[in-house]
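Me: I want to learn how to read a protein model. Can you take me through one, feature by feature?

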Amino acid sequence: PSKINLKDYQKPSFDVETVSLDIKLFEDHAQVDSTLKMVRQSAGDIVLFGEDLELLALSMNGEALSAERYELSAGKLTISDAPDEVTLALQVRICPQTNTALEGFYMAGSGDETMFVTQCEPEGFRKITFYPDRPDVLAIFTTRLEADKRYPTLLANGNLVEAGEMIDAPNRHYAIWHDPTNKPSYLFACVVADLDVLADSYTTSEGREVLLEVYAKSADIDKCTVGMQALKDSMQWDEVNYGRAYDLDRYMIVAVSQFNMGAMENKGLNIFNTACVLSSPETTTDTRSFSVKAIIAHEYFHNWTGNRITCRDWFQLCLKEGFTVYRDQSFSADQQSSAVQRIDDVATLRAHQFAEDAGPLAHPVRPESFVEINNFYTTTVYEKGAEIVRMIANTLGADDFRKGTDEYFRRYDGQAVTVEDFLSALSITNGKVEDFIDWYRQPGTPVVSGHQDYDSATQTLTITLSQQTRHVSGFDAPKPLPIPVATALFDKESGKIIAESMLLLDQATQTFTFEGVSAEPVVSLLRDFSAPVQLNYDYQDEDLAFLLKHETNGFNRWQVTQMLVNRILLPTQGTKSNPDVYLAALAQTLPVLAGEDAMLAARLLDIPSAQELAAAIPEDYDPEVVKAQREGLYQQLAEALKDQWEMLYKQLPLHSYEDSAEARGERALRNVVLDMALSANVEGAVEWAQQQYDNASCMTERFGALKAMVNHQVANADAYLADFYQRFQADDLVIDLWFSVQASADNVNADVIKSLLAHEDFDWNTPNRVRSVISAFTSQPTALWTQQGLDIYTDVIKKLDDSNPMIASRLLQVLARWNTLAEPRRQMAHSQLLDVQQQVSSKHVHESLSSVLGA
Ligand code: B3K
Ligand code: ZN
């Protein structure tokens, strides 16, 4: 398979004006008839892409094309010497029933619960029919679906035009849908199923009455109200914050249990992984439920950032994803404490994106080449992409950012554009914005180091900052990037802020001067994480403890706890800290904060996960040592605050369920406190856990108790696991939790994983289930990086390589840090990976492997 390069981009020779599709679904295949009206734009051939298709008929302008008039090879159908206006008619046969890759048109579910859905982004449409399947070809789609009446639900993009029965086949029916918006093929969707629907409506700011529908199987329909509300909230939020109203008369969401990722923003017909749309207090944890709302918002926001304005080519993926993630993060920040939202987003960024940027899979936010684009739906494109938009928004300020986004929508609506176009619109009030282009081009996480000097004679404080980015091979030598560093100076005496400013570090080294500073202040940097960088500043532990107490920025209060933890656990990263300062600072802060902001209080007790710590260790990483150190500090914390746990736990009694930010905060803190109390052997803590499980008002409480009992191996843990299974046996998403709590348990080992994989409810064809065991397992590096652990993990990759290469490749990417392991694990992992290379065939896994192996 060949590499595709950004620099080779060429416009298509033909545009498609309209396409009509007729998809007839039969017992063991589907027949797809398509008619494309195409118009020449420039010299060149007609190029249609197609994969896994059986071509049955092809005609051009009414004349059947004989085999010598076209070329069919390597996934392309090429027609040379075509006239300037062409109507192509194609007929192909596909087999959704055996499509296990879950890309294109595929069957999900089994038995009487089968349904058929599409996933076309990025290049799945070519598995439905031959088509110029590229995002810069926009067309008007009309879709006719025909199927057995056992599938009453027939949906496609846009508006329903007609539906009826087949006169000659009484058990069959059809529906015709028309989408009035010009769209690329990756936004095409259709569904053939037997589903219930929750309906509602929304009137837009422009006065359009929109029918809202969430489709799910009947047993799940009562779990759709949270998603429906989130949809309405998102529609309103986009009107208020970006002036964007919805543009069709109908918005549909369909829940499907087998889906490779979270959800898909198809025009007017979103398709969602059940895990990302269904939610109920009894079955869904608060964290999950909150992310359901965020994902609904994300897909809705794509309607403008992605669908109305789309990407010119797949290298520009961050254009829609980075901006849309920034938008969903801002939406979520409005639904809860914005500090906690920022903490969650930054914790994810640090754990996953920083690791990616530090290892062999590092790539720019806008990659320059790929073999398989599915391998580039990464945390770098999404989350680092969002951070760049955030830096721009903060640099411009709210008003100018809004002027810039208004300009973006005005200028490019209906077009397929590039990152440069985006920056050019955003820069109408401030040309500096265009300098951010280098953030899209340069891989690697910048390290910002700094120190301060105070001169009491002149009452001057100088802060010197410098930036450095590692040179990733294959790319130009790194250059300085524009890095906004939000800064506040705190008076040591009063604890009050004496100056605030946004420093712009855009050279290798720079000095910033503050005059009229009467005593040396404590400096708080990178407030609200104003740039996606690693910060090394010559703090004393006491400065950090001071900031924990006095910072008004909630995010930075968390950030200093994390700095302290890192200095304790990763002494090579800076000065070795004395844990006493950290423990004392928390002991003082926690009881106060617990009453003010329970969610933030819970987060201040965060100790980075083993994986996150591993990501910061460049070589000789020994998972056992990290685990021991991490658990040691956790234990120390639990014991140091032992007197507080009982009081805190009792302060937060179980009461009836409520879905407010405050109630969610209390539940989060109670679960953390319970775990701490079990660690510290607080008397009665085991009973608290059991009672919390038995009397739980919601899944957050029940699962929190179960997880704590499993991790602390309390006497009855197995009985509780069995009870949990019995109670929720019929609910796949809860059974996923049951698998994952075991697969990620502190004491998990390869045998446990093996038995979970052999469980009768395990299902290789359901990505959620595979992830509930295999991805959960990666949270325990001491078990994963063993001969047996790797055998299991790589067997899974080999097994999925053929049936679902997208998932196989994702799982493989998790092994990217093998190279940093201490021997003998490094050698062991290396030979495992080489062995995998001999046994896989998908281009997805091959591309990831060659990056991971550094080839
Ligand atoms: N755009 C889709 C992701 C498609 C991934 C294909 N491998 C979901 C999203 O980002 O909203
Ligand atoms: Zn997205």
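Reply: We will go through the numbering, domains, a ligand shell and a few strands. This is a predicted model, where local features need pLDDT of at least 70, side-chain atom pairs count only at pLDDT 80 or more, and totals for chains, interfaces and linings use all residues. Residues are numbered from 1 along each chain as its sequence is written, with chains lettered from A and ligands numbered from 1 in the order in which they are written.

Me: Into which domains is the chain divided?
Reply: Domain bounds come from an automatic or database domain assignment. Here they give domain 1 (1-194), domain 2 (200-210 + 217-289 + 301-306), domain 3 (310-441) and domain 4 (735-855).

Me: How many residues of domain 2 and domain 3 take part in their contact?
Reply: Two residues are in contact if their C-beta atoms, placed from the backbone, lie within 7 Å. Domain 2 gives 10 residues and domain 3 gives 11. Helices (H or I, at least four residues) and strands (E, at least two) are DSSP runs, numbered from the N terminus. Helix H1 (residues 225-242) gives the most to the domain 2 side, with three residues.

Me: Which residues are around ligand 1?
Reply: A residue is near a molecule if its C-beta atom, placed from the backbone, lies within 6 Å of it. Around ligand 1, the residues include Glu121, His298, Glu299, His302 and Glu321. At least three residues of the shell come from each of domain 2 and domain 3. Strand S20 (263-264) and helix H2 (286-301) each supply at least two.

Me: How do the shell residues divide by type?
Reply: Ala, Val, Leu, Ile, Met, Phe, Trp, Tyr, Cys and Pro count as nonpolar, Asp, Glu, Lys and Arg as charged, and the others, Gly among them, as polar. The shell around ligand 1 has five nonpolar, three polar and four charged residues.

Me: Is strand S27 mostly covered or uncovered?
Reply: A residue is buried if 20 or more other C-beta atoms lie within 10 Å of its own, exposed if 12 or fewer, and partly exposed in between; C-beta atoms are placed from the backbone. In S27 (residues 483-490), six of the eight residues are buried, so the strand is mostly covered.

Me: Which strands pair with S27?
Reply: Two strands pair if DSSP finds at least two bridges between them. S27 runs antiparallel to S28 (residues 497-505), with eight bridges. S27 also pairs with S30 (residues 522-524), again antiparallel, over three bridges. Phe490 stands opposite Ile497 in S28, and its bridge partner in S30 is Val522.

Me: What lies between S27 and S28?
Reply: The two strands form a hairpin with six residues between them. Gly495 in the turn has a positive phi of about 75 degrees.
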